[in-house]
Amino acid sequence: MRSIPDIELPLTAPPRFSGIKRQVLWRWMQRFVIVALGCYVAGRLAGIGPQIATHPVVWAPAGIALAALLRWGPRFWPALWIALGALCLAAGAGPLESALVASAHLAGPLLAAHKLRQRGLHIELDRRRDMLLLSTHALAIGPALTATLVTLVALATPDVRPPIASDLVATWAATWFSVALGSLLVGVPLFTLSRNAIDSWLGPQRSVGSLVLLGIALLGGLLEFASPHTPPWALAPLGFFPALALCWVAFRSGIFAASSTALLIALSTWIASTHAGLTGDARHGVSMMAAYFAMLAVVPVLTSVLMNELAARERRWRLALDASDIGVAEWDVRAGRVTLSRRWLRMLGSTSPVSTRTLTAFWADVHPDDADRLKRCIEPVGAAATGAAVVECRLACRDARWRWFEIRVLVTQRGVDATPMRLVVTARDISLRQQARERRHVTDSLFEHLREGLLITDARHRILEVNPAYLEICGGRHADLIGTVPTLLQPAEAGTPAALALRALHDRLAGEGYWRGEVEGRRPDGQPCVRRITISTVREPAGAVRNHVMTYADVTQAREQFERLQVQAHVDELTGLPNRVRLAQMMTTALEVSDREGSLLTVCYLDLDRFKPINDTHGHAAGDRLLKELAGRLRNSLRAWAGGDDAVARIGGDEFVLLLRTATIEESRHAVQRVLRKINEPYALGVGAGPTTVSASIGATVFPLDRADAETLLRHADHAMYGAKQAGRDGYLFFDPEHDRRTEARFVALGRVQEALAAEEFRLYYQPKVDMRSNRVLGVEALLRWKHPDLGVVSPAQFLPLIEHTELSVSVGNWVLAQGIEQLARWQRQGLDLSVSINISARHLQEPLFAQNLAALLARYATPIAPRLTLEILETAALADIDHTCTLMNECR
């Protein structure tokens, strides 16, 4: 509702108003003049028309006053009062009487406009409440007040318009009727006037139809009152045309168009009746015109209000459906089309503005697996007794996904033969509900078919539900368990281990929300069992405990199987002794104890001597019996200590390892000797040959004298055992760490010599042999040197003894021969007549192919080199095998 803003003038006004204030003032002045002039002109025109009980049939100034006061506020009452007073003065009344009459005519519209604005009247008249407010204040209270005041003024001033004293009620009624009809017939078009209303009535797309309807309505009104001599029965049918036209205009273009059309019909009728000679004396004709005008004024208001209310109700329902995520479709069965609501399209992810589709397009959106089910569900709706159906199906969305919807079909219109003509289809997206239903189904199925017992309690550990597997595992009846506390969570006597364990369980649940453990119990048949129990806490969003979920699993067989696997994994199957895997754990523990207590740990590696012949002679069964009895003897030879017991393990075949705790090295030797004596005792194998004796070789190393890890200690003991076997078997040998370090250093040095040979780090230096009598050089002797990259020139005395008895000495000797012969050939090509002497080691000399290799080296050169080559052999090497040496010399010559 629009109104002119209030104008506040400052106490000390500036010399010039601002631009905005001038515009506001100018607009107010324009409206003031329009209101005053319109009211005056309307009053003058009303005065010359037909009269009913000395009053015009339609008092138009009342409608102008009501519209102005509603739209622009009460500040325009001076313009209305001036116009009404001017009308009275023009009618011949005095100033006082004119002022009183103007005040009386203005009081009703002022009161009605104030109450309507206060009650929140919608000037669009789109509610039934608005029609009631308009009827109560603009048609009843306001006109009644005006009629009463005007009648009182007339009684007080008979010169103004002397009423007939006997007809005061008729005068009051005529005044009330004319004012009410003017408020309705003139006021409604004025206060509903807006640019949108004009466009809706006379817009480019509606102008032709609106003009046709207006012409029909005007024609009907003109013919109705064109000739007062026409019989009423002949013109009565024409009176329906304006009413029908007004209803159609209201339905098509709204309240402003309908009320404006009614005003135009009334104006044209009034003009036609005036030219036809209808006056105030023709009371019957005036009464008919008054009733006709009332009908013209009421029909647009009633039609528009009801139509707007229905439209508003429909909008509200659609908004409510949209807010509840419900799409609506209207199905025209005869036309074969479906009109979808905007919400339906949005749920499908469609941005298309086209909402009307063919049935083919509609069914294309239904999942093929659900289409038949949806059709079968809709078919019974056609029956007269069945008007609705509900089905769940999948519809295609624009993101190439199928979503679940709940479809409801309702018959809204049936034909004469009760066949459905129109259907309303609603769709609700239930994808989340479907997912929850599927999860619930999986959960219920899991709860019923889970092979583990499942128990659900409340926050105070009272049982709410158990599954069948729990009853099988723990026993009991479902009805007896509900409401009780599980045995594991029942209070225990203070200070007992059970109470302490229960307290730890509750602390774990409170801190981590989770507990797992194994509890021994009995099955329903009384057999002992082991149950693995898991308790989980379920919390509410606020953090408070809501439930506890407990799972029970009978792990008796798994525990037994695990123990068997543990035995198989850590115990030798034949002898029952720990195996290699268990030995590693035992050694780790023993080394930690020995290191912590400062005691000695003797690691013994035992291997039987000549065990294979026993298997070959007496069979593997006899060998197995021997190994079992040997294992028993070794187990009996072990001793117990405060820090831990001795241990024995079988690591494969006839090999055993003993871990003996001793205080001194001498005690370690005595312990090993005691074990050997036990082994050497005869064995009764149950064979015809009688008792059998075997011996063993033992290698031992002592920790922490041998400061190594467990694996290295075993390797050292193994090396010592092989040393014992090489020493003649049936004995023992302790590993010498210093000797091992020297051996390792020797191997490293040999490897370095091999690398030097491959990297060509060796050099030959030639020492001349001079005849001191003749001062003549007779020849040279080849001397081997190692040009070390870090140590410089290294003497052969530092590396030749290292490789003397190895294959590497042969490789070095071959290299020396090849280099010496090459140098001899080079000197001969240079014309130097020199001989070259080369030393040959004993290991090199004993090579079977020594002569053949030498011949191959000499055959490379065309010049005779052999007469100038001398091989020098040590006497010890020559005399070691004199026959072989002589044969070799002959081959070399």
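**Figure 1. Surroundings of Phe293 in the predicted model.** Phe293 touches Val57, Val58, Leu181, Leu185, Ala266, Thr269 and Trp270, leaving aside residues up to four places away in sequence. The largest nonpolar core holds 62 residues. Phe293 is listed among those with the most contacts inside this core, together with Leu116, Leu125, Leu134, Val188, Phe191 and Leu296. Another core, of 36 residues, lies apart from it; Val753, Val780, Leu802 and Leu808 are among its members.

**Figure 2. Packing of helix α3 against helix α4.** Helix α3 covers residues 77-90 and helix α4 covers residues 95-118. Their axes lie 8 Å apart, at an angle of about 135°. The crossing is right-handed. From α3, the residues in contact are Trp77, Leu80, Trp81, Leu84, Gly85, Cys88 and Leu89. On the α4 side they are Pro95, Ser98, Ala99, Val101, Ala102, Ser103, His105, Leu106 and Leu110.

**Figure 3. Crossing of helices α24 and α25.** The axes of α24 (residues 620-636) and α25 (residues 665-680) come within 10 Å and cross at roughly 150°. Angles over 145 degrees count as roughly antiparallel, and α24 and α25 are therefore roughly antiparallel to each other. α24 passes α25 in a right-handed crossing. Leu630, Arg633 and Leu634 of α24 meet Val675, Lys678 and Ile679 of α25.

**Figure 4. Helix α26 and the residue that follows.** Helix α26 runs over residues 710-726, 17 residues in total. From first C-alpha to last, α26 reaches 25 Å, close to the 24 Å expected at 1.5 Å a residue. Just after the helix, Gly728 adopts a positive phi of about 125°.

**Figure 5. Crossing of helices α29 and α31.** Helix α29 spans residues 807-829 and helix α31 spans residues 850-858. Their axes come within 10 Å and cross at roughly 30°. Since angles under 35 degrees count as roughly parallel, α29 is roughly parallel to α31. The contact involves Leu817, Ala818 and Ile821 from α29, and Phe850, Leu854, Leu857 and Leu858 from α31. This crossing is right-handed.

Key:
Residues are numbered from 1 along each chain as its sequence is written. This is a predicted model: local features need pLDDT of at least 70, side-chain atom pairs count only at pLDDT 80 or more; totals for chains, interfaces and linings use all residues. Side-chain values use heavy atoms; hydrogens and water are left out. A nonpolar core is a set of buried Ala, Val, Leu, Ile, Met, Phe, Trp, Tyr and Cys residues joined through side-chain atoms within 4.5 Å. Buried means under 20% relative accessible area, exposed over 50%, partly exposed in between (1.4 Å probe, protein chains only). Contact means heavy atoms within 4.5 Å. Helices (H or I, at least four residues) and strands (E, at least two) are DSSP runs, numbered from the N terminus. The expected span of a helix is 1.5 Å times one less than its number of residues. Axes are lines fitted to C-alpha atoms, for helices over the stretch in contact, and angles run from 0 to 180 degrees between N-to-C directions. Angles under 35 degrees count as roughly parallel, over 145 as roughly antiparallel, 65 to 115 as roughly perpendicular and the rest as oblique. A crossing is left-handed if the near helix is turned anticlockwise from the far one by less than a right angle, and right-handed if clockwise.
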